[in-house]
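Work through the exercises below with the coordinates open. Each task is followed by a solution in steps.

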Amino acid sequence: MFRKILLGLVAAILILGALAFFNRKEIILYMVTHTGRVDVAPNRPVEWMQGPAAAALAPSERPPNIIFILADDLGMNDISTLGGGMAGGRVKTPNIDRLAAQGALFSTAYSGTGTCAPSRAMLMTGRYPTRTGFEYTPTPPGMSRIVPMFANEMRTGLPPTEQVKENEKLMPPFAEQGLPGEEVTIAEVLKERGYHTVHIGKWHLGNEAPFRPNDQGFDESLDMASALYLPAGDPRGVEARLDFDPIDKFLWARMQFAASYNDSDWFEPGGYLTDYWTDEALKVIDANKNQPFFLYLAHWGIHTPLQATKEDYEAVGDIEPHRARVYAAMMRAVDRSVGRVMDKLEEEGLADNTIIVFSSDNGGAGYIGIPEVNQPYRGWKITLFEGGIRVPLFVKWPAVIQPGTVVDEPVAHIDVMPTLAAAAGAALPAGVEIDGQNLLPLATGTGTVERKDDAIFWSSGYYKVVRAGGWKLQVNGRQQKSWLFDLNTDPTEQVNLADSQPEKLAELQALIDAHWKDARAPLYPYTIESPIKIDHTQADAYVEGEEYVYWPN
């Protein structure tokens, strides 16, 4: 008995000592994020399917190859063509600039929403969440507990970030938080046209059948199994950890350095993630150069965690603060990827009849603490201000689109799917309402697009937005607040006209009401409600009275 009591006292002392030595929140973070970790095998070669050894038709006589390169969380100001480039223009993007100059630049392009997964669903389907139900970004286990716990400690002055515990009970498993299998993706449309379809990189639309890339029209998928660019502390890289960001804490604690091919067991990528995916993309081009192919190269860059190669870190120079230098180095790797893909197409004689599309899933994130990424626009990722949803959109197709084409008409990610289908000569799915428009008439100067009410919509739960006729209305149901802007005269959303223009407010509110009148309910509920500052980064102290918007996810 005495021995049991003594052991109990020792255990209690050890637990109390640990709680005294470590922050209680850090212990919870460790416990939540280290459950269910996966064994990762050493790197192994990907055995890509090989297309025909010889072409039946010349490249110019086949449907165009299509390569869609999607960056993650890239700000407009990160690209030198659009905003000058990182660090006041010190870090240029020459390869992305070359792509933009050689085709059509859509100067007023928008993502599907202010976060990644719903935007990607719109890119794949050409449909709004009001039809698909894919409203919120899938949330990994433990994230809805960890993020509010740390956010409320870090964001002094702001209202609290809240975990919606009653909704947790309604959530499907993380792997099943995906795009419904009955939705028809651009990969499925192109596959019907005879294309070989390949996905490389981030998917984020579900990790089990029927949600996986291979279930949604892709013949092959080299998937981002987890979210590190290199193993933590790897001597090949340089890291920047963001002590002010709860998402960053979660990623470093939870994520691993891993990939999966066609739903295989996890294995280590063959190098820094952005470069590795590019290496494999070039192999895909080589394997399929004699047949039409669709390559969806969905980079993780430049999303956190901030990890760059030492070579890129040295190349960008002495940028301060350290996190901005790592971020700039990561952007250099994304730009290099675009250049390598373009050069490979030239080498193989495929460039003229290959469409390359470049975009980002949403705007730059305020939680990285780098204030200039979305300049001159207000807002960040996780808002529907222009900084959260204005994105680059460049389309190069030398056989059809004239170099130097600039399109100023507003377009959005829902337009990508019908545009690529039209370019391939593929039929849109029968009986399916497609919200997007074919942009080829704009890109070729042969016509316009007819969009109902001239309106584009965005949403995340009770936060709903419409742009129509150059005006933009944002409505946040939780805050009972509206922001009305005349983008014709105020493109950076400085002057809220909601009180002074009641007729215009009512007109746009009617469009919002009509759009959501018969909307499909979200597939699963939101579990976090976060206040997001509009004008300052997460690294900045909250200023009393500054504007913020609540975001449910």
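## Exercise 1: a helix pair

The model is predicted. In it, the axes of helix α7 (residues 143-154) and helix α10 (residues 246-254) come within 8 Å and cross at roughly 135°. Classify the crossing, give its hand and list the residues in contact.

Solution. Step 1: angles over 145 degrees count as roughly antiparallel, and 65 to 115 as roughly perpendicular. The crossing angle of roughly 135° therefore makes α7 oblique to α10. Step 2: the crossing of α7 past α10 is right-handed. Step 3: from α7, the residues Met143, Ile146, Val147, Phe150, Ala151 and Met154 take part, and they meet Pro246, Ile247, Lys249 and Phe250 of α10.

## Exercise 2: strand β5

Solution. Step 1: buried means under 20% relative accessible area. Step 2: strand β9 (residues 293-298) pairs with β5 in the parallel sense over 6 bridges, with Gly201 opposite Ala298. Step 3: strand β6 (residues 220-224) also runs parallel to β5, joined by 4 bridges; here His199 stands opposite Ser221.

## Exercise 3: the nonpolar core

Identify the residues that touch the most other members of the largest nonpolar core.

Solution. Step 1: the core has 169 residues, and those residues are Phe106, Ile200, Leu222, Phe294 and Phe358. Step 2: helix α13 (residues 322-347) supplies the largest share, 13 residues. Step 3: leaving out residues up to four places away in sequence, the contacts of Phe294 include Ile66, Phe68, Ile186, Leu190, Tyr195, Val198 and Phe218.

Terms used: Residues numbered from 1 in each chain as written. Predicted model: local features only at pLDDT ≥ 70, side-chain atom pairs only at ≥ 80, totals over all residues. Heavy atoms only, no water. Core = buried A, V, L, I, M, F, W, Y, C linked by side-chain atoms within 4.5 Å. Buried < 20%, exposed > 50% of the residue type's maximum accessible area, 1.4 Å probe, protein only. Helix = DSSP H or I, 4+ residues; strand = E, 2+ residues; numbered from the N terminus. Contact = heavy atoms within 4.5 Å. Pairing = 2+ DSSP bridges. Axes fitted to C-alpha atoms, helices over the stretch in contact; angles between N-to-C directions. Parallel < 35°, antiparallel > 145°, perpendicular 65-115°, else oblique. Left-handed = near helix turned anticlockwise from the far one by under 90°.
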